[in-house]
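Trainee: Could you walk me through reading a multi-chain model, one feature at a time?

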Amino acid sequence: MALLEVKGLEVEFPLGRKTLQALHGVDFSLDRGERLGIVGESGAGKSVAAFSILNLISRPGRISEGEVLFDGTDLTRLDDAAMREIRGNKISMIFQDPMMTLNPVLTIGTQMIECLQAHREISKEDARKISIDKLKEVMIPSAENRMESYPHELSGGMRQRVVIAIALLTDPSIIIADEPTTALDVTIQAEIMVLMLALCKNNNVGLILITHDLAVVSQVTERIMVMYAGRVVEQGPTREVIQNPGHPYTRGLIKALPQENIPGARLNQIPGSMPSLDAIPAGCAFNPRCEFVDLECHNAIPPLCGEGEQKIACIHRDRIPRFNLSEKGI
Amino acid sequence: MSAFTTFFQSDFVFRFKRDKVAVISLIVVVVLVLSALFAPLIAPTNPYDLTTIDIMDSEIPPIWTEEGEDRFLLGTDPQGRDMLSTILYGMRISLTIGFFAVLLQAFLGVSIGLLSGYIGGRVDAFFMRLADIQLSLSTLMVAIIALAVFQAGFGAELYSDLAIIMLVLVIGIAEWPQYARTVRASVLAEKHKEYVDAARVIGMSRRRIMVRHILPNTLSPILVISTIQVANAIISEAALSFLGLGMPVNKPSLGSLISSGFEFIFSGSWWITVIPSIVLVALILSINLLGDWLRDVLNPKLYKD
Amino acid sequence: MTGTFPLVDIKNVEKRFGGSGGFLSTRQPIVSALNNVTLSVQKGNAFCLVGESGCGKSTLARTVMGLHPPSRGEIHYDGKRIDDLSQRDRQVYTRKMQMIFQNPYASLNPRMTVRQTLEEPLKIHRPGMSKLEVRDKVEEVMRSVGNDPAWGDRYPHEFSGGQRQRISIARALMLDPEFIVADEPISALDVSIQAQVLNVMMDAQEDRDLTYLFITHDLSVVEHFGSHVAVMYLGTVCELSETKSLFAAPRHPYTRALLSAIPKMDAKGVDHLKMTGEVPTAMDLPTGCVFHPRCPVARERCKREVPELKENGDTKTACFAVEEAWI
């Protein structure tokens, strides 16, 4: 059985007199040491999907259906105390903004030691040793001195490294990373990605990487899940999905990237924009923007299915022309 | 769809309807303001008309007590005026002073705040230090000194004619720093936003940027402090009148009513002081509750979009 | 480069912030955002400025637009100096030079309808236009950026990021400018929307014969969009060339590192040139070449002397290693 299994997850947000549904029956799973990428644009529900694993959905949002099985226990049914045992211990979280994790008035060392002592019976000296080791593991120079630093004394890239070190402190089995490099510069982003990839491989840690950047996902993850308007539209091995996307949305996303177009020519674009949660079109939510749309697409919501490992939620999946990524400008 | 219907279907109205305290406060304020506004129509007698007043009617208790008379619902004051009418007319004066004093405060404060925030530098330093100095003196202290000087200078008769204007001026000028500081703070936040740069790139003049772009975006905090400042101005007026520096006895505001009844409270005529006090407290409390509610509703939105 | 002439000339521009502690205000540390930047944008170019955060690219854009004056140096437009003009004298140039901003959520006044926003430039610069002409112009521009002209009476919060950014482009086009500065116009947008907005900008360039100064941190956009590119690092231009030659053969060590860091879809795993050291800030600039603390090939000379931007084959670079051919 998979380490983490999410089944039929539905999340809703009561807002004023309406209730908005952010997730519609999302299923996915993660094996031990596997790296999964969740891709989508803002409003696709990718962060909601990942946050609901740890029951971190901000009020008044709530999980209305479905279960999150971690090692056989349903996390949605746990009380707060039991959830704290999982959160930041067996499953860690890395946010886009390092300052979400770091407390600006405490030194790095204090925060790391406190975090360890919260989850384990351990002496201060031992906690300190483990902390320094973890800082070294994320390639922070002169780790001992850095323990005495405050977060604001570090650069953005260093702060994100510290956050990764904190995430690794308790030897978690899964790390959930929400856009961990979006706020960083390209060169720093590359360094952090290399580091995360190496750490996950070496420690056999599972990774759920949430991002809008297809290129980053293609480099780091083994499996990919593409979301649109609160549903999974395509899922499969990263190489297959990137090289040979089956859903018109995934296809459009990849074809819209400047590097997949002839320089100077018009870019292939997806018309329109992601619908807001209170105005999701009937049938397939992508139908107003889809180039292969026909009458059938307005009738029923297409299920996620397919013969191989690559699953596609599109009734015309056999009709969509596939393309090979290496040829530019198709 | 008209702007009217969109307003009634908005989230703002929805949240308002769900908040019982806000709804009750609004009802109280509206009833009080309307009855003050239409006092000449509602009030049984005109307390300013000396011919209707009979000194023989003085100090009659309210209707529900044993000695009450049908003619006077809330009893009469020591001069024989009908309490209900006097309270309605007095509230009219209190609200007028509160409203115009706040208008003056807002005018001064918003202009100064806009200039300080947008121009910055020395202009800003000058006005903000001035505000600091003014805030370090109590409003009431300044008002008492100013009004006492005026009263001595003009003589009691002329003063009683000019009292409303004097109170508006004194309370208005004394409290501008509240506005100036709030407006300045939001101007500082707004002026670094890109839409202000966009306006500069178009070649718009400073004055136009301030009035057309920045000012409308500082309206929400102005609205919030305005409600609370109206309450404050009414309290200030009441306090000054209570001290004998406000409205004269022949044209009483709520404050001078309370004051004039105060000396009779130990002789058993409690209603002369207590009833106007209850009205004043109800008015101030409802305005403040409304202001709190407005702040809660407007503030998060203000910074979200 | 044949038959071109410089439309915008940036000559030895420097910009420092802070420092001036006046009466009753505290002294702030000096930040040198731009150090001796010289470059010229030819008519018809799509000139891209690339660099990481804090490299001064946005400051340069804002200095060109007159949003803050340069501390030293000159800016010329069409042969005439514009950085020392009064607001009144500058009006002639505001008609020709416009700007598109990064954040579509902050660059439109939330209290003004789309029509009010778009009419504003005409009211200031073309007071003689009749109401009907103004309305027609607004409709024409709205259509040209792919927005429905019927949206005029709505407020910005009713639109998505991409639609807002197109309104922002429409505002810049209202006065039929020749030159547009675009400060990271797509970095706040979603992937599928980025392509739409880039297309609108490219169409506008074709239809209206525009010249762009395009600021971005995304090299893949530069490769697609730009005709020329200047790579900036800590307020200094370190490489300047035509886009094709820069991507074919990057010379400056920083450009090389930057290019290798672009995540590629077809790559297995991440592969990039490593840079050493910590990123310095513009508050205390390194001596000599600003890049030397992170440069993998830096030598003694780089720590002492500041390299100048020199012609080098088909590109200009500011690097001793390239000049003396030790890389």
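Mentor: Gladly; we will take confidence, fold, domains and a chain interface in turn. Keep in mind that this is a predicted model.

Trainee: Then let me begin with confidence. What is the mean pLDDT of chain B, and what share of its residues reach 70 or more?

Mentor: The general idea is that where pLDDT is low, the predicted coordinates should not be read in detail. Here, chain B has a mean pLDDT of 83, with 94% of its residues at 70 or more.

Trainee: Over which residues of chain B does pLDDT stay under 50?

Mentor: Residues 300–305 of chain B are the stretch to look at. For these residues, the model has three contacts beyond four places in sequence.

Trainee: What percentage of the residues in chain B is buried?

Mentor: Of the 305 residues in chain B, 42% are buried.

Trainee: Now chain A. Into which domains is it divided?

Mentor: Domain 1 of chain A covers 4–221 and domain 2 covers 228–312. Their centres, taken over C-alpha atoms, are 28 Å apart. The contact between them takes 18 residues from domain 1 and 15 residues from domain 2.

Trainee: Which elements each supply at least two residues of the domain 1 side?

Mentor: On that side, they are β2 (18–30) and α8 (214–220) of chain A. The largest share, eight residues, comes from β2(A). By class, the domain 1 side divides into eight nonpolar, eight polar and two charged residues.

Trainee: And between chains, how many residues do chain C and chain A put into their contact?

Mentor: In general, the size of an interface is often given as the accessible area lost when the parts come together. Here we have residue counts: 33 from chain C and 34 from chain A. On the chain C side, α6 (191–208), α7 (219–225) and α9 (253–261) each supply at least two residues, and α6(C) gives the largest share, eight residues. That side has 16 nonpolar, 11 polar and six charged residues.

Note on methods
Residues numbered from 1 in each chain as written. Chains lettered and ligands numbered in written order. Predicted model: local features only at pLDDT ≥ 70, side-chain atom pairs only at ≥ 80, totals over all residues. Domains from an automatic or database assignment. Contact = placed C-beta atoms within 7 Å. Helix = DSSP H or I, 4+ residues; strand = E, 2+ residues; numbered from the N terminus. Nonpolar A, V, L, I, M, F, W, Y, C, P; charged D, E, K, R; others polar. Buried ≥ 20, exposed ≤ 12 C-beta atoms within 10 Å, placed from the backbone. pLDDT = per-residue confidence, 0-100.
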